[in-house]
Amino acid sequence: MSDAPILYSFRRCPYAMRARMALLISGTPVRLREVVLRDKPEEMIAVSPKATVPVLVQDDGAVIDESLAIMHWALERSDPQGWLADKDASAALIAEADSDFKDNLDRYKYPTRYDDVDPIAHRSSGLEFLVKLEKRLTANGQLLGNAARLADYAIFPFIRQFANNDRNWFDAQSLPAVQKWLATHLASDLFATTMTKYPQWRTGDPEPLFAASDPMI
């Protein structure tokens with residue numbers, strides 16, 4: 001599908017993960033260009049000078065270079081599982097995750113990138129957000145009710161990153177609902193397809209079509 005949009009992505013980036021999940025679930029195929037962050041392609045930087053993934057380039061040249069905007073773009077085309085239900089509540093929860101929690105996650109996971117940072121203090125601050133999620137998940141199973149919504153898919157890749165920084169510590173916390181919720185999403189066919197490995201794309205290389213074989217995956 002030479003007219004399919006181009007997606008610049010990096011497999012392990014949580015922002016790119018959530019964009020890829022939305023593209024898959026919406027049934028929107030894209031031509032994938034897998035990026036290595038230390039060797040970003042000039043083509044990506046030319047269309048998005050901030051040079052962060054994901055970047056979606058539509059067939060008319062229009063560029064979307066924010067992960068949530070890509071998610072909304074895809075789901076507004078097709079939303080077979082109702083991810084966009086409870087849109088306002090999702091937006092508020094995602095905003096909290098993408099700001100305070102993400103700041104604490106970065107300083108917990110990458111303390112040497114910052115001056116005068118105590119990673120354990122930031123882990124404790126991040127845990128406060130997980131305790132909030134625990135209350136929601138204990139009541140409902142998903143963040144906004146019985147069915148997963150945009151908030152679940154936009155947030156869980158960052159909880160995955162937080163958990164994996166010290167898995168023994170995370171598993172020892174009294175967060176049974178968060179732990180079950182995370183494990184369920186990680187074990188899903190959707191996430192498995194999202195995390196399919198592709199080689200680094202270089203100028204002139206083929207662009208594998210990234211799409212779900214099952215439109216309701």
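Which residues of helix H8 (residues 176–186) are buried? They are Ala177, Val178, Gln179, Trp181, Leu182 and His185. Keep in mind that this is a predicted model.

- S1 runs parallel to strand S2 (residues 30–34), and four bridges join the pair. Across that pairing, serine 9 sits opposite glutamate 34 in S2.
- To get from S1 to S2 you go by way of helix H1 (residues 14–26), and S1, H1 and S2 together make a right-handed β-α-β unit.
- S1 also pairs with S3, this time antiparallel, through three bridges. Tyrosine 8 has valine 55 as its bridge partner in S3.

- Most residues other than glycine have a negative phi, and most peptide bonds are trans.
- Valine 53 and proline 54 are joined by a cis peptide bond, with omega at about 0 degrees. Proline 54 belongs to the loop between helix H2 (42–47) and strand S3 (55–57).
- Aspartate 86 has a positive phi, near 55 degrees, despite not being a glycine. You'll find aspartate 86 in the loop between helix H3 (67–77) and helix H4 (87–109).
- Aspartate 116 does likewise, with a positive phi near 55 degrees in a residue other than glycine. The loop that holds aspartate 116 runs between H4 and helix H5 (119–140).
- How accessible are these two aspartates? Aspartate 86 has a relative accessible area of 39%, so it counts as partly exposed. Aspartate 116 has a relative accessible area of 84%, so it counts as exposed, since the cut-off for exposed is over 50%.

**Packing around H8**

- What do the buried residues of H8 pack against? Their partners are H5, H6, helix H7 (167–172) and helix H9 (189–194).

**Glutamine 161**

- Glutamine 161 lies in helix H6 (residues 150–165).
- Is glutamine 161 buried or exposed? Its relative accessibility is 14%, and because buried means under 20%, glutamine 161 counts as buried.
- Leaving aside residues up to four places away in sequence, glutamine 161 touches Pro14, Leu105, Lys109 and Tyr110.

**The largest pocket**

- The largest pocket has a volume of about 490 Å³. It is lined by 20 residues, and the closest to its centre are Cys13, Pro14, Leu37, Tyr110 and Gln161.
- Pro14 and Tyr110 are on that list, and both are also contacts of glutamine 161.
- Which helices each supply at least two residues of the lining? That would be H1, H4 and H6. H6 gives the largest share, five residues.
- Sorted by class, the lining has nine nonpolar, four polar and seven charged residues.

Note on methods: Residues numbered from 1 in each chain as written. Predicted model: local features only at pLDDT ≥ 70, side-chain atom pairs only at ≥ 80, totals over all residues. Heavy atoms only, no water. Buried < 20%, exposed > 50% of the residue type's maximum accessible area, 1.4 Å probe, protein only. Contact = heavy atoms within 4.5 Å. Pairing = 2+ DSSP bridges. Right-handed = clockwise from strand over helix to strand, strands pointing away. 1 Å grid on protein atoms, 1.4 Å probe; cavity = no way out; pocket = protein on both sides within 12 Å on 5 of 7 lines; lining within 4 Å. Points joined across faces, edges and corners; volume = space filled by probe spheres on them. Nonpolar A, V, L, I, M, F, W, Y, C, P; charged D, E, K, R; others polar.
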